[in-house]
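Hi,

Here is the structure I promised to pass on to you. Please have a look at it, and then read on for what turned up.

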Amino acid sequence: MSDAIATSAAADGFEPRITAFVCNWCTYTGADLAGTSRLHMASNVRIIRLPCTGRIDPLFIIKSFERGADGVIVSGCHPADCHYNSGNYHARRRFAVFHDLMEFIGVDPRRMTFSWVSASEGAKWRDVVNEAVTSVRELGPFQAYRALAPKDAGVAAPTGPSAEAVTQAEAS
Amino acid sequence: MSRIGVFVCHCGENIGRTVDCEAVAAALKDHPGVAFTEDYKYMCSDPGQQLVKKAIEENNLTGVVVAACSPHMHEKTFRRACDQAGLNQYMCEMANVREHCSWIHEDRGEATAKAIDITRTIVEKVKHNKPLESIRIPVTKRALVIGGGIAGIQAALDIADGGHEVVLVEKEASIGGHMSQLSETFPTLDCSQCILTPRMVEAYQHPNIKLHTWSEVEKVDGYIGNFNVTIRKKARSVNEDLCNGCGDCQAACPAKRIPSEFEAGLGKRTAIYVPFPQAVPNIPVLDRQNCTLFKGRRKGLAKDACGKCQEVCLKGAVDYDTEDTFIEEEIGAIVVATGFKLYDIGREQPEGLKGYGEYGYGEVPDVIDGLQFERLASASGPTEGAILRPSDGKEPRTVVFVHCVGSRDPEKGISYCSKICCMYNAKHAMLYKHKVHDGRAVAFYMDIRAGGKGYDEFSRRAIEEDGAEYIRGRVSRIFRDGDVVKVWGYDTLSGEQVVIDADMVVLATAMRPQDGVRELAQKLSVSTDEHGFINEAHPKLRPVETNTAGVFVAGACQAPRDIPEAVAMASATGAKVMSLFSADELEREPAVAIVNENTCIGCMNCAKVCAYGAIEQREICTVDGHVCGHVAYVNPGVCQGCGTCQAVCLSKSVELQTFTDEQIFSEINALCYWE
Amino acid sequence: MTEITAPPRPMMTDVAYYPGCSLHGTSREFDESLRAVAAELGIGLTEIADWNCCGASSGHTTDHLLGVALPARNLALAEAQGFDTVLAPCAACYNRLSAARLAMATEEGLAEQLPDILGHQFANSVDVYNAVQLLRDASATIEEKVATTLAPNPLEGVKLAAYYGCLLVRPFEVCGYDDPEQPTSMDEVINACGADDVDWDMKVECCGGAFSVSRTASVLRLGRAIIDNARAHGAEAIIVACPLCHSNLDLRQKAMAQRGEEPMPILFVTQMVGLALGLAPVDLGLGRHFVDTEPLIARLVQRAAERVVAEKLAKEEAAAKAAARTAKQKVGAVASSGGAQGGEAQ
């Protein structure tokens, strides 16, 4: 895979914003390795460091969408490699249940990515980032929580229809 | 009110080329809570750190954010600087704008915007940081070593020589382990007991080592630096203080035909016995299972059926009425060195393993394993060093050595390589040829694993100098045909089937963990892998630690190991233990979970998910002692700081310091994408 | 030992019978003796209607799906015809039917393809049995009948070598009812018939199987080793449960025999049970073998008869001795009490 940044920009110039919750020992270090190896990738992702994916409360993800994220990535150690033995298993189970909940509350589950990236997988992190950015870009901006935006915030008009809007349009 | 200092590093060109550092500093200058901003070429350098310290002092900073490389690189550096400047080190965090930003993007505009986002996020987090102090727990400077083989002895000696007390527990009557059963060791062909017994004696006589043989670990409570261990001293029936090791009891014992465990079943012992003449301690133990007197007692005989050993003992050391006793010890660190046992090809197998029906299920006479061959070769063995076959005592003219019996065989349940067999098979072939010059030694192998120092040369010597025949292929069947043992094999290099009429066959059976290790692991809260080997904390970088703080592992109980590795691991655990004991108190990072007992509802969900058993239930009592509720309590000495408990807490009562909900939500909110 | 997945069950009374190509063809004697024994033991055999070849020789080496679908059709037919067990005496048929059953139960997506191929639903609910399993489960009944048969059991105390070959117990995942390296199920049947099983070394060694035609020299070499070993361990006959093993050891025996050597009769396990139950050799197809079984049977019958006579004699002797002893005691008693009386009498 080439080092090139995902260049399949949307025709209307929409760039998704993605928050990533990663574990300190594996994915964060893997992302560091991607940096050390100078593997270029899309710049849409903002990382929030956690000790372990087991620390992730589903509210973190909901809050991210509420605050305007178009997509969320959760990434931790491979099964059996968790620095804290079993934290990543708890995260996986939580995420499996959470996945259905997201659909129910109106968030397209395709906006969320769950991955295992180990400390030695810099290239894999780059691929996870690029793929997440590409797929969320195709889904368009996440608008369902627009009503929750802070009243004093100057809401930037997003361009292009969102996936949810399209679904609604088709349904009606 | 927060007064945070933001320091943006150029890192030479590494950050500065792609990220406009001045712009980042400028963007944060007016951010609420930021009292000082600065950008500099090399923040981690001495002048850079001076800059930070000066800023802290002159501006009364309450927090520091360094936008630079990854915290994995320099968090400690900057925290130390803050500490030196009088600011609590946990009020300092790093914003990763190099590995996660400048190094992976090209567009200066995008990279700078992202760097500003990242820095702002960390600033918001630091607003909720608390000035934490390292956790200090006292350390008992006494070590427990479980297992008295070469690894256990080495660990005990290293720690004892370092000036600390060691309690060495061994379940057999003597220390020495399997190494004491070996005839010679590879690659030097040193006499095994000659190099081992001096260590055994040293351990026995060392003023800092308390040796408990014929004993096992019964219970382990507590945590690193503060373990409470109960040791069961099994009833020996011989008073260790009175016995002088004269051996009269053994000579007098009428039960002389009990298969000797030390001789691997090839020799006999008495019911009251010392396992081998060089045993340490040289104090016999009475095998109550096979003792005539005890058999009688179990049958309910009115009068004791025997009593010879007690009669002849001039010291009055034999006491039939002893019971198991229990000893409590306070321990600071534990080393597990329980060693291995050999896989047995018989029908009866533990779950997951299969026996070798194609090799006769262990029922074919003259098919023996490696330890049995060692006893034959040993000068103090049942044949006094002559290689004679068990069935008729004749000298075998053709001996077949079969590699990989059980090992590397997922069908049989053991997928790993046992590491030492290629080497000891070469050794056995050489020992046999040295004693039976015109004998034929044939070895069936898959690959030759001889990676240690001098190992390959040793292995070649067996072939080139001692004339062992090495056939690359597996043995499909072994069965007795009249006077010979038929071995059906295949030579993959020539493509021919091979049939050998052997007089004796030696199987290189797999190394497995000892019996009872899973139960011991549970007592210690360490984990074992699917084969029963103790899990190390990290296979590459932490091979002698376990995931339980304060419990270390050495030798073949962790994975198949040869003697030099076992000794190296043992000394490594010695170093770890000494490091642990080097201060009176153990300092730990305060990134642990703390329970708010006022809001905790005592559901104990947290305890269920804690991988370290760090959470216990505490009673809440009223003033007059009534128990009115339960809450969870996290032991700060054991908690490793993963935060899984916080994610499952129903009442949001447990907080992982340095990654609290407040801190994380503030980061999420800082990434508010609505402009 | 490895965990047995198909343990013994009480004797079956009603099974679907899958003869396969061999039992109606080259090993008709296996079929004849099986039917005769089943009738005698009260086991109902109903041949599966419209059964097809199980693909044992080439089906499974051509294509995996074909190799499963061919046997599956037979299992589906048995299921549809209301049976829960299929008896496949031919070891190869047994192995293929069992393998197909296992594949459908364990391979993802495979079972879903079958209804389309078969043209109807199929729940894979049918068990597959071979003749050895069937007779092992019937051991108690066999023993009982042997004990109550009027004619003396010609197999009493006779040394018989149980030859399993390759397909009856391997692979273990497919067969699961006996140890794949040192099986004992057929030996149990031998013992139930009153005979003695022989402890020998070639129980599971290959006879050459289908190479009988293409590599006859290998088959002769392998068969020779098997027969030699059985003979060396004192067997008077070899018991088999596979048409190909029987053919390789029986049909080919003349080619592998050495001058002046005593031939080794090869019997199907069903023929052995039939003999023990007192059925006539002709009803068991024993006349169809290449290695004549008549001398062996005649010898065994005579031995049995001699044994009966010897037992009778021994009984009479023992009775006579006992009578003599009792008489002596009576005389003694009279003599000792006679002293007092004797005085009076005189």
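**Two helices in chain A**

In this predicted model, helix H2 (residues 58-66) of chain A packs against helix H3 (residues 87-104) of chain A at an angle of about 35°, and their axes lie 11 Å apart. The crossing of H2(A) with H3(A) is right-handed. On the H2(A) side, the contact is made by A:Pro58, A:Ile61, A:Ile62 and A:Phe65, and H3(A) answers with A:Arg94, A:Phe95, A:Phe98 and A:Met102. Sorted by class, that gives seven nonpolar residues, one charged and no polar ones.

**Where chain B meets chain A**

The other thing to show you is the interface. Here 43 residues of chain B are in contact with 54 residues of chain A. Together the two chains bury about 4300 Å², with 57% of that on carbon and sulfur atoms.

There are four salt bridges between chain B and chain A. A:Arg55 and B:Asp661 form a salt bridge through their side chains, at 2.7 Å from N to O.

Which elements of chain B give two or more residues to the side that touches chain A? They are helix H3 (71-84), strand E4 (92-96), helix H4 (98-102), helix H5 (108-126), helix H17 (644-648) and helix H18 (661-670) of chain B. H18(B) gives the most, with six residues. By class, the chain B side that touches chain A has 18 nonpolar, 14 polar and eleven charged residues.

Key. Residues numbered from 1 in each chain as written. Chains lettered and ligands numbered in written order. Predicted model: local features only at pLDDT ≥ 70, side-chain atom pairs only at ≥ 80, totals over all residues. Heavy atoms only, no water. Contact = heavy atoms within 4.5 Å. Buried area = accessible area lost by both parts, 1.4 Å probe. Helix = DSSP H or I, 4+ residues; strand = E, 2+ residues; numbered from the N terminus. Nonpolar A, V, L, I, M, F, W, Y, C, P; charged D, E, K, R; others polar. Axes fitted to C-alpha atoms, helices over the stretch in contact; angles between N-to-C directions. Left-handed = near helix turned anticlockwise from the far one by under 90°.
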